[in-house]
Every structure is written in C-alpha cells, then in structure tokens.
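These are my notebook entries on one structure. I record what I looked up, in the order in which I looked.

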Amino acid sequence: MKFTRIRTILVQTLCQRRSAGPLWLLAVLCLFCAAPASAVDGGQTPGLLNLASLGFEPAAPPSVDLAIGAAEFVAAALAVQQSDPDLASLLANVGAFYLRQYAPTDESTLFAALLLTGAIVADGWVPVQAETQGSRAVTVHVKLDGLLVSGLTVIAIDPGREVSIANVVGD
C-alpha cells in the first residue's frame, strides 16, 4: 500500500516537473517495471545489512517492514534535480533503504538486538556514533568499500518499547 502511494506521488511530481523526454520516460518505466523492493536479508551487495547471517532472528515479525528500492530514489532525484541539485545527487547514490521496527518488543527480540550491535562490528561495519537518549540506546555504523561508504545502519533499542533497525545501501 505504502509503495503504491509513494510511486503515485513520485510520478505526479515527475509529470509536473519534466517534459516528455527520454529520461523522464525511462524513470517512469523503472517505477512500474522494476520488481518491488523487498527486505532481502542476503546477497553480496556491499552496504546491505544481512540480518539473518548476523544471527538476528526474532520470534515475532516486525511491526514495520519497509523497503524502498533504487527506482524510487532515482525518480526522487529526477524530481528535485531542478530545485536542489545537491539533494538529487545524494538521492541518486542510494541503492535501497530498509526499516524494520519491532514494537512492542519481546524478550527474544531485545536479546537478539543487543547481540546484533556486537555482530555488526564483527561483520566489518565501523561504529561511528553511540549514545543513549533516555532509555533508548542508539548506534550508528557505516560499511566501507575502500574509501567509499557503501552502507549506513542505525540500530535503536528501547527496552520494553521498540527495536528499530534502519539500513541505507549506497554511497
């Protein structure tokens, strides 16, 4: 449902801002012909957080399981190209965005999330920020591919309330 609404908004924005040139047509075709983004837990994509291989397998399904693919980011980059070229450049470099949220958390999800913060470092992710915001512990990690950032992950753990894991794939 959410993806349909996002695609509708992006297409409306593209139609308002772009003439019917070949680039515009290609963007619209990507939106409708590309397979919908799915929260894949595997693959060799640098920057993609592989939760299953890191041992994160909570008993309960996520209350939010959002995946936004490259086609949506390309369309968004095209939509803002005229008004904000810097933002368009940033959006064009995003390959995917995944958000999983478990609310309210159960004990097994909380334990798995606590183990994940250590497992992600062992998998080559570099911690760049860790802080506590009230009862919530937030960690930010980046995955490097040489000198380029290939992924960013934020893990927020608030015992008894929620566990959130966000992963941005791309530079």
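**Entry 1: elements.** I counted 5 helices and 6 strands in the protein. Helices (H or I, at least four residues) and strands (E, at least two) are DSSP runs, numbered from the N terminus. Read from the N terminus on, the order is α-α-β-α-α-β-α-β-β-β-β.

**Entry 2: basis and confidence.** I noted that this is a predicted model, in which local features need pLDDT of at least 70 and side-chain atom pairs count only at pLDDT 80 or more, while totals for chains, interfaces and linings use all residues. Residues are numbered from 1 along each chain as its sequence is written, and side-chain values use heavy atoms, with hydrogens and water left out. The pLDDT, the predictor's confidence in each residue from 0 to 100, averages 79 for the protein, and 74% of the residues score at least 70. I marked residues 14-42, where the pLDDT is below 50; beyond near neighbours in sequence, this stretch has 48 contacts in the model. A contact means heavy atoms within 4.5 Å.

**Entry 3: the whole protein.** I looked up burial and found that 38% of the 171 residues are buried. Buried means under 20% relative accessible area, exposed over 50%, and partly exposed in between (1.4 Å probe, protein chains only). Of the contacts between residues at least 6 apart in sequence, 60% join residues at least 24 apart.

**Entry 4: helices α3 and α4.** How do helix α3 and helix α4 pack? I found an angle of about 170 degrees between α3 (residues 70-80) and α4 (residues 85-92), with the axes 8 Å apart. Axes are lines fitted to C-alpha atoms, for helices over the stretch in contact, and angles run from 0 to 180 degrees between N-to-C directions. The two helices are therefore roughly antiparallel, a term for angles over 145 degrees. On the α3 side, Phe 73, Ala 76, Ala 77 and Val 80 make the contact; on the α4 side, Pro 85, Leu 87, Ala 88, Leu 91 and Ala 92 do. I also noted that α3 is mostly covered, with 8 of its 11 residues buried, among them Phe 73, Ala 76 and Ala 77.

**Entry 5: aromatic rings.** I searched for ring pairs of Phe, Tyr and Trp (its six-membered ring), with centres within 6.5 Å, and the count came to 1. Phe 56 and Tyr 102 form this pair, 5.6 Å centre to centre with 70 degrees between the planes, which is edge-to-face (planes over 60 degrees apart). Phe 56 lies in the loop between α2 (22-33) and β1 (64-69) and Tyr 102 in strand β2 (residues 94-102), so the pair ties together parts 46 residues apart in sequence. Both Phe 56 and Tyr 102 are buried.

How values were computed: Phe/Tyr/Trp six-rings, centres within 6.5 Å; stacked < 30°, edge-to-face > 60°. Parallel < 35°, antiparallel > 145°, perpendicular 65-115°, else oblique.
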